[in-house]
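Here is my note on the model you sent. Please read it with the structure open beside you.

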Amino acid sequence: MESTEPEPSDSRPEEEEEEEEEEEEEEEEEDDGALLAPKQRLAAMEDCLAKKMEITVSEAEKRTGRNAMNIQETYTAYLIETRAVESQSEGQCAPVESLWRRYSEFELLRNYLSVTYPHIVVPPLPEKRLSADNMDPDFVERRRIGLENFLLRVASHPVLCQDKIFYAFLMQEGGWKEMVNETGFQLKADSRLKALNATFRVKNPDKRFTELKHYSDELQSVISHLLRVRARVADRLYGVYKVHGNYGRVFSEWSAIEKEMGDGLQSAGHHMDVYAASIDDILEEEEHYADQLKEYLFYAEALRAVCRKHELMQYDLEMAAQDLTSKKQQCEELATGTVRTFSLKGMTSKLFGQETPEQREAKIKVLEEQIQEGEEQLKSKNLEGRDFVKSAWADIERFKEQKNHDLKEALISYAVMQISMCKKGIQVWTNAKECFSKM
Amino acid sequence: MEAEGRIPGPPLPAGGEGIDSHLAAGALGTARGPLLAAAEVLALDDEEDDLEVFSKDISLTEVNSFSPSVPISPSSMINQYKFEDGPELRDLFITVDDPESHITAIETFITYRVVTKTTRGEFDSSEYEVRRRYQDFLWLKSKLEEAHPTLIIPPLPEKFIMRGMVERFSDEFIETRRKALHKFLNRIADHPTLTFNEDFKIFLTAQAWELSSHKKQGPGLLSRMGQTVRAVASSVRGAVKNRPEMFTEMNNYMETFSQKINILDKIAHRIYKEERDYFNEMKEYGPIHTLWSASEDDIADSLKGIASCIERCCRATERRMAGLSEHLLPILHEYVLYSEILMGVLKRRDQIQGELDSKVDALVNKKDLFSEEIEKLEDKVERANNALKADWDRWKQNMHWDMRSTFTNVAENNLRYYEECLATWESFLTSQTVDLHVDEDSEDRP
């Protein structure tokens, strides 16, 4: 895609300023979550950390250590390597910096990001735990790739890449955990119960978020079904290929007693061995495809998290508005002396006599203060809510486009894999046919 | 292996003396006269009549009536005889079809229609249509085995199928059996000796009641049992001590062949099963993509495209499976049966030799080694050996041809499958990259 925007500057001090400017630009052009043209979004990404820095998770290593409860444990540590991207003219390679992190630290980072940026669809981590073995080399390898992917996703995100904690995660080995905890993000986290409550009781959530929630449920369900069946299909395909491997030995033994057929059988058997062996590479490639789909399976949860946050805020707003309305009503009743609604106070005053005018005045004053506070709070909550919806929806649009692009590419790569498999099959069976016809 | 110990015989001219005399006597079927004399000289049993007179194979005829000790060269056989008789050489055409269920008070059974078309003189009519049940085929086979103990009688489909979940009277079972019965009769028709067997003719032409009454005649159970007893006795005695090298080689060959063909049969069935399991999973795989496309906008078309590709590959898999079950599986199964038949034939030859050997042993002390009885047995052994040898060569050539064509067919089957799938995915890919270009163009527009 060609960009007609001015080239972003390389120097760091101006970086933040420029990004802010661009964000403002984005906001002006936006109209309640209208789609940004891809070119503009790409330009926004130009300033992301991913463009300035090479990030890899290059190695995995088994470690033993003592955990928080002073119990010996074995875990895997991953090596994160970073290197600043120099411009071509300099011709020098910046030094590679590296540090080791374990999976739990990645988790901590992600939790921090989710809580701190609730309006962002935060990239997911690879699976938490396989039922089998965390030490299995294949699992570790795929996790390594998944973790690298996670870091690249965060580094390419226009908002997340600027986070200091994230930067420190990449660059600062010691004291990072303390740094995260000092932000106090755990206190900001919403309780599950609160969120669940809000989901059930909210009256007027933004329809788009409700639809998005349904979409993310469907996405999760269909992708997990697809992955399950794909795994079964792969298993069966493996069986078909491998069973052909039995031909080789029988043909070879049979060829020993045949005069004319011997050579043909022998060489055909060799091709059957090649055929049987070819499935291993084919299926390994398919695993990468499966992992690409799996990432979006986990993204569905991130989408739901944003929706939940909206519901929570909306519910909060509705409760605050309701509370304000009831206080206003109380105030009015006290002022006019009419009891419109049943209240315990009203009853007790009937039974035990009216309040004194002074008492009533005092109550009214308190209520009026509360009402004023409430109105201010409501205003700010309203503003917060609208801001949240606006910025969340912008990120959701960004996410949608990323998802469509990535999934389409994945589907195309699947077709490419099938084509490659067919071509290999044609080659092997052409060779086999020649051997058979010469028997 | 089978070439060892054999002296290539003189090339036999296509229209040699021997055959002229046969042909001169009219249709092949009635040329009994001149050769009966020769038969009498050699004191043959009735059983051996067909062997020399009606054989289409000239070299066989030559060997048996004129030069007993000239072995048959395989090259001459190839020159004169096509493995599956071309239409020009055939004068007997048989089809087996139209399975029908019959329900009586006692049992339920299936009959098959057997239609025979022929130009042969010894057949009263040129076309016959009869109905036969499996029992009748069994009878025919046992009669042929009786008459020609050292000839290779083609395999019959088995009584029951152990493998798989095919029910006794399911359509699949009946069709498989029908095809095998058809092949059985045609192989007999193609066999230079068996084709002129009298019981075979009766099988093809007699009405149901005629066949029943004919079945009741003949040597019957006791004689068959006698043969079996003798066969067992000779095998109990162990390897025949005077067995010619060639037959020991055949035995060794058949042992290995039998082993290998059984393994191949298992492998082929396993492949079929795996392909079927794969097919079943694939059936579920495609529709998930269609389901997903319902929730999507941008990628809906791509998803639907994938679903349709998977569906087409599914159908291609079905065709691949059908190819296996129609060609490879039946052929391998036949040769499994053949290996049993051949082992039996070799045993019977040994048994015939055993009779001679034991007679010789019995008479050796009496210094009566040149008795007529010994001579008779020696000839019997000679003829049995030659018959078997000729049939063996023929069988080997046929086997070679069958295996080559069957496995080539398997390869072609797989090629077709992969080519079809390739075309499907390639056209999908083209459609996707076209879309990509279209998208990019639309973005550049203001």
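1. **A term to start with.** A salt bridge is a side-chain nitrogen of Lys or Arg within 4 Å of a carboxyl oxygen of Asp or Glu. Keep in mind that this is a predicted model. A search of the whole structure finds 58 salt bridges over all chains. A few of them are picked out below.

2. **Lys328(A) and Glu375(A).** The side chains of these two residues, Lys328(A) and Glu375(A), form a salt bridge, with 2.7 Å from N to O. This pair links distant parts of the chain. Lys328(A) sits in helix α11 of chain A and Glu375(A) in helix α13 of chain A, 47 residues apart. Lys328(A) is partly exposed, because its relative accessible area is 38%. Glu375(A) also counts as partly exposed, at 37% relative accessibility.

3. **Glu287(A) and Arg230(A).** Here the closest N and O atoms of the salt bridge between Glu287(A) and Arg230(A) are 3.4 Å apart. Glu287(A) belongs to helix α11 (residues 262-336) of chain A and Arg230(A) to helix α10 (residues 207-255) of chain A, so the pair ties together parts that are 57 residues apart in sequence. Are the two partners buried or exposed? Glu287(A) has 27% relative accessibility, so it counts as partly exposed. Arg230(A) has 5%, so it counts as buried. Buried means under 20% relative accessible area.

4. **A network.** The pair in the previous point has further partners. Arg142(A), Arg230(A), Glu286(A), Glu287(A) and Asp291(A) are linked in a network of salt bridges.

5. **Arg120(B) and Asp91(B).** Now turn to chain B. The side chains of Arg120(B) and Asp91(B) meet in a salt bridge at 2.9 Å, N to O. The pair links distant parts of the chain, 29 residues apart. Arg120(B) lies in the loop between β2 (108-118) and β3 (127-133) of chain B. Asp91(B) lies in the loop between α5 (74-80) and β1 (92-103) of chain B. Both residues, Arg120(B) and Asp91(B), are buried.

6. **Asn197(B).** Which backbone atoms does the side chain of Asn197(B) reach? One is the backbone nitrogen of Asp199(B), at 2.8 Å. Another is the backbone nitrogen of Phe200(B), at 3.1 Å. Asn197(B) lies in the loop between α7 (171-190) and α8 (198-205) of chain B. Its relative accessibility is 4%, so Asn197(B) counts as buried.

7. **Arg101(A).** This residue, Arg101(A), lies in strand β3 (residues 97-102) of chain A. Arg101(A) counts as buried because its relative accessible area is 1%. A polar atom of its side chain lies 2.6 Å from the backbone oxygen of Gln172(A).

8. **A negative patch.** Glu358(A), Glu361(A), Glu368(A), Glu369(A), Glu373(A) and Glu376(A) form a negative surface patch. One of them, Glu368(A), lies in helix α13 (residues 357-437) of chain A. Glu368(A) is at 46% relative accessibility, so it counts as partly exposed.

9. **Leu388(B).** Last, find Leu388(B) in helix α13 (residues 372-444) of chain B. Leu388(B) is buried because its relative accessible area is 0%. How far apart are the C-alpha atoms of Leu388(B) and Phe428(B)? They are separated by 59 Å, and the two residues are 40 residues apart along the chain.

Technical notes:
Residues are numbered from 1 along each chain as its sequence is written. Chains are lettered from A and ligands numbered from 1 in the order in which they are written. This is a predicted model: local features need pLDDT of at least 70, side-chain atom pairs count only at pLDDT 80 or more; totals for chains, interfaces and linings use all residues. Side-chain values use heavy atoms; hydrogens and water are left out. Patches are made of residues with over 30% relative accessible area and no salt bridge: like charges are joined within 9 Å, nonpolar side chains (Val, Leu, Ile, Met, Phe, Trp, Tyr) within 5 Å. Accessible areas come from the Shrake-Rupley method with a 1.4 Å probe; for residues, only the protein chains shown count as cover. Lys and Arg count as positive and Asp and Glu as negative; His and the chain ends are not counted. The place of a charge is taken as NZ of Lys, CZ of Arg, CG of Asp or CD of Glu. Helices (H or I, at least four residues) and strands (E, at least two) are DSSP runs, numbered from the N terminus. Buried means under 20% relative accessible area, exposed over 50%, partly exposed in between (1.4 Å probe, protein chains only). A polar contact is a pair of N or O atoms within 3.5 Å; within protein, one must be able to donate a hydrogen and the other to accept it, and residues adjacent in sequence count only if both atoms are side-chain atoms.
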